[in-house]
Amino acid sequence: MNSIAFAVGENWPALGLGTWRIGESAGSRAAEIAAVRQAIALGYRVIDTAEMYGEGGAETVVGQALAQALRAGDVTRDELFIVSKVYPHNASRSGTAAACDRSRQRLGLDQIDLYLLHWRGAHPLAETVGAFEALQARGAIRHWGVSNFDADDLAELARVPGGSRCASNQVFYALSERGVEFELLPRMRTSAMPLMAYCPLAQGQLARHAGLRAIGDRLGASAAQVALAWVLAQPGVMAIPKAVRETHLRDNLAAAALVLTSDDRAELDRLFPPPAARSALAMI
Ligand SMILES: NC(=O)c1ccc[n+]([C@@H]2O[C@H](COP(=O)([O-])OP(=O)(O)OC[C@H]3O[C@@H](n4cnc5c(N)ncnc54)[C@H](OP(=O)(O)O)[C@@H]3O)[C@@H](O)[C@H]2O)c1
């Protein structure tokens, strides 16, 4: 699988696991813990979560799966890259620290590998960055970053003290949502900041796309695998599809090895044209 180089001097697999909609109901908890545990056993090493998902429920699910996997020796802590996010309304200087402590407790981790501001809110960026830097200094997080930041937001962030140490920006990027290619992604590439693509399957919609299915039939792959392979082929981009079904977990890992030809890519450009002008950053 491709790996993505972070400017902070580390490489991580380009494919990770999303966890939105996990941890929302007690009835599905055991199955969800088993799914995340299975993902780790299959080879997933990057897991994305947030305090927002299930109001802490997803972090709890991930934490329990991690504890089981670590106890069983399926993986070691340093092989994993765990991402979580602070709610904008918690992202004050003291609120960020408190939210991070709660997230670490639910995850059962001393340290979160990458801690993101989920989207911009009312708290000044300087306060949130100050809090991130303090958390990093005391070892509670290894790196920090942002999510749903457009090019002008990143420019503003770079002017904040410490802001240039932002490790990543997580945004909506999929074949059906290519707006970031116009300005944001090229700028991020220039500063060697990886883009973490969320909703790379457009919340499952691309898995049902007839045009993608036709390309997949030629390649012996599913529509979802074609969509994922396309995102993962973009330089400087990692993707975090969410899946709980075993077939999906396996198919997504296999998609990381799927090679699209230039003809396939040209057809995908016809089906999903690249942006011709700047547009507001899409958010889900
Ligand atoms: N930063 C942000 O603001 C933000 C916003 C949205 C999402 N995210 C993150 O990005 C992750 C991914 O986004 P998402 O969950 O909204 O959408 P997504 O990953 O685009 O799609 C997930 C859906 O696709 C299905 N699926 C997964 N693999 C499949 C396959 N191979 N074939 C067919 N269907 C497949 C899943 O089904 P099953 O689950 O049933 O397997 C699920 O219903 C989230 O989970 C979250 O971690 C971040």
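Helix H1 (residues 29-42) packs against helix H9 (residues 246-255) at an angle of about 30 degrees, and their axes lie 10 Å apart. The axes are lines fitted to C-alpha atoms, for helices over the stretch in contact, with angles that run from 0 to 180 degrees between N-to-C directions. The model is predicted, and local features need pLDDT of at least 70, side-chain atom pairs count only at pLDDT 80 or more, while totals for chains, interfaces and linings use all residues. Residues are numbered from 1 along each chain as its sequence is written. Helices (H or I, at least four residues) and strands (E, at least two) are DSSP runs, numbered from the N terminus.

**The H1 and H9 contact**
- H1 and H9 are therefore roughly parallel to each other, a term that applies to angles under 35 degrees.
- H1 passes H9 in a right-handed crossing, in which the near helix is turned clockwise from the far one by less than a right angle.
- On the H1 side, Gln-38, Ala-39 and Leu-42 meet Glu-246, Leu-249, Arg-250 and Leu-253 of H9, where contact requires C-beta atoms, placed from the backbone, to lie within 7 Å.
- The residues of this contact divide into four nonpolar, one polar and two charged, with Ala, Val, Leu, Ile, Met, Phe, Trp, Tyr, Cys and Pro counted as nonpolar, Asp, Glu, Lys and Arg as charged, and the others, Gly among them, as polar.

**The sheet and its strand E4**
- Seven strands form an open sheet in the order E3-E4-E5-E6-E7-E8-E9, with parallel pairing, and two strands pair if DSSP finds at least two bridges between them.
- The edge strands, E3 and E9 (237-239), each pair on one side only, and the twist averages 30 degrees from one strand to the next.
- Strand E3 (residues 46-48) runs parallel to E4 and is joined to E4 by three bridges, with Val-46 standing opposite Phe-81 in E4.
- In strand E4 (residues 81-86), six of six residues are buried, that is, 20 or more other C-beta atoms lie within 10 Å of each residue's own, placed from the backbone.
- Both faces of E4 are covered, with Phe-81, Val-83 and Lys-85 buried on one side and Ile-82, Ser-84 and Val-86 on the other.
- Helix H3 (residues 93-107) lies across E4, E5 (112-117) and E6 (141-147), running at about 140 degrees to E4.

**The loop residue Ser-191**
- Ser-191 sits in the loop between helix H6 (184-190) and strand E8 (195-198).
- Ser-191 is exposed, with 12 other C-beta atoms within 10 Å, and the cut-off for exposed is 12 or fewer.

Conventions:
Angles under 35 degrees count as roughly parallel, over 145 as roughly antiparallel, 65 to 115 as roughly perpendicular and the rest as oblique. Two residues are in contact if their C-beta atoms, placed from the backbone, lie within 7 Å.
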